Amino acid sequence: MPRMTKKPEQYIPYARGFKRPSKQQQNVAVGPTTNKAYKVDIEKFFADLPFPASPDDWLAQYVEEGQTVEQFQASTPWLSARKIVRYRGNFDKTGKTMKTKYTNSKITIVEICMENEDERIKPDLESLCNYSGSFLQVPVEKLPAIKIIRSGEGLSVQGHPNHRLQYREASGKLQLCCTSVLSLLREIMVPQTLCLVAVTMFDLYEEESDLFIAGLAQGNRRVAVFSFCRYDPAFSFSSEFWFEQGTKKMDTAVRSKEIQARSSKILVHEISHLLGLDHCIHFACVMNGSGHLAEDYSQPHHLCPVCLRKLALLTGMDEAERYRELAGEYRGIG
């Protein structure tokens, strides 16, 4: 992939105070390593951080300092000799990586859906688990779906009669409140779980003033919920009312393929945050921040050298083997 060094014709500046990293700063961010693949000819394979294409782009609005590999190693609790708070599984403080410290651990993913919901196009959860496992080099398992039931004028959860979900409803559309979902996830987390992530085709909000939010994580509790509702390419949404949406006709195969690809990318981005990776400013990277859906869609699926090395230190993975696994997953996604 060629390096992106020229400014776009219609120049939009970064947020005041942000400076695009130089090649030297990229090298410093990767840090010292005996693996020459992180240092030699990386410009042939990894593009520089792009310039903003819209005033709403993430780095046109926010100044981020970024996170070097050294800073990641110093700050991530997963490599500490002390066990993560509230983790209820095996722990070996002598382990050198997250996988050798938290033996037999896994990431779990659960879908939130309506009981007896109508058939609809949505991401295949088994494929999401397989992709995430190959991407992160950590076992990822699917839990039985969390099914929502209409209960009088409210919503309850099958198997959890005392848990009432907060939501709002208008024009036949439902939007779930993230905080009430996260409290449920904390209740159902099982031992050996590194983090529990709920995914749903319901739209989400946190505060009443929110139009919508894509998701919410509680890093200290290792739980998160994310919506794929707005990643469906057949839908368009109002910028004023959360419940107003349009639908366009699309080839079913194309639509399914696109929502699977988009959902796969956002899922690994968010799980990586739970594992301690901050937004990336060093290269074009799946860990770049995004200020809106169009920017999100334009970003790459891959990790840059800085973030790849963070993941390698975290998991002890073989980078070449990871790429071989991912090649198969990418062929599946298309």
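**Figure 1. Gln137 counts as buried, because its relative accessibility of 12% is under the 20% cut-off.** The view is taken from a predicted model. Gln137 sits in the loop that links helix H5 to strand S2 (140-142). Its phi is positive, at about 60 degrees, although the residue is not a glycine.

**Figure 2. Asp41 is another non-glycine residue with a positive phi, here of about 55 degrees.** The residue belongs to the loop between H1 and helix H2 (58-61). With a relative accessible area of 33%, Asp41 is partly exposed, whereas Gln137 of Figure 1 is buried.

**Figure 3. Ser134 is a residue of helix H5, which spans residues 125-136.** Its relative accessibility is 7%, so Ser134 counts as buried. Once neighbours within four places in sequence are set aside, the contacts of Ser134 are Arg322, Glu325, Leu326 and Glu329. Helix H10 covers residues 319-333.

**Figure 4. Ser272 lies in helix H7 (residues 252-274).** Ser272 is buried, and its relative accessible area is 2%. Not counting residues up to four places away in sequence, Ser272 touches Phe135, Leu136, Leu277 and Met287. The C-alpha atoms of Ser272 and Ser132 are 10.0 Å apart in space, while the two residues are separated by 140 residues in sequence.

**Figure 5. Helices H1 (residues 23-30) and H9 (residues 305-315) pack with their axes 9 Å apart and at an angle of about 5 degrees.** H1 is therefore roughly parallel to H9, as the angle falls under the limit of 35 degrees. On the H1 side the contact is made by Gln26, Ala29 and Val30, and on the H9 side by Pro305, Val306 and Arg309. Sorted by class, these residues are 4 nonpolar, 1 polar and 1 charged.

**Figure 6. Helix H9 also packs with helix H10 (residues 319-333), at an angle of about 110 degrees and with the axes 11 Å apart.** This angle makes H9 roughly perpendicular to H10, a term that applies from 65 to 115 degrees. Leu308, Leu311 and Ala312 of H9 meet Glu319, Arg322 and Tyr323 of H10. The contact of H9 with H10 has 4 nonpolar and 2 charged residues, with no polar ones.

**Figure 7. Three strands form an open sheet in the order S6-S7-S9, with mixed pairing.** S6 (167-170) and S9 (203-205) are the edge strands; each has a single partner strand, so one side of each lacks a neighbour in the sheet. From one strand to the next, the twist averages 30 degrees. S6 and S7 (residues 173-177) run antiparallel and are joined by 4 bridges. Opposite Glu169 stands Leu174 of S7. Helix H6 (residues 178-188) packs on the sheet and touches S7 and S9, and the direction of H6 makes about 60 degrees with that of S7.

**Figure 8. Helix H6 is largely enclosed by the rest of the structure, because 8 of its 11 residues are buried.** The buried residues of H6 are Cys178, Ser180, Val181, Leu182, Ser183, Leu184, Leu185 and Ile188. Buried here means a relative accessible area under 20%.

**Figure 9. Strands S4 (residues 154-157) and S5 (residues 160-165) form a hairpin with 2 residues between them.** The pairing of S4 with S5 is antiparallel and extends over 3 bridges. Ser156 stands opposite Arg164 of S5. In the turn, Gly159 has a positive phi of about 85 degrees.

**Figure 10. The mean pLDDT of the protein is 91, and 97% of its residues reach 70 or more.** Residues 1-6 have pLDDT below 50, and this stretch makes 21 contacts in the model beyond near neighbours in sequence.

Methods. Residues numbered from 1 in each chain as written. Predicted model: local features only at pLDDT ≥ 70, side-chain atom pairs only at ≥ 80, totals over all residues. Heavy atoms only, no water. Axes fitted to C-alpha atoms, helices over the stretch in contact; angles between N-to-C directions. Parallel < 35°, antiparallel > 145°, perpendicular 65-115°, else oblique. Contact = heavy atoms within 4.5 Å. Nonpolar A, V, L, I, M, F, W, Y, C, P; charged D, E, K, R; others polar. Pairing = 2+ DSSP bridges. Buried < 20%, exposed > 50% of the residue type's maximum accessible area, 1.4 Å probe, protein only. pLDDT = per-residue confidence, 0-100.
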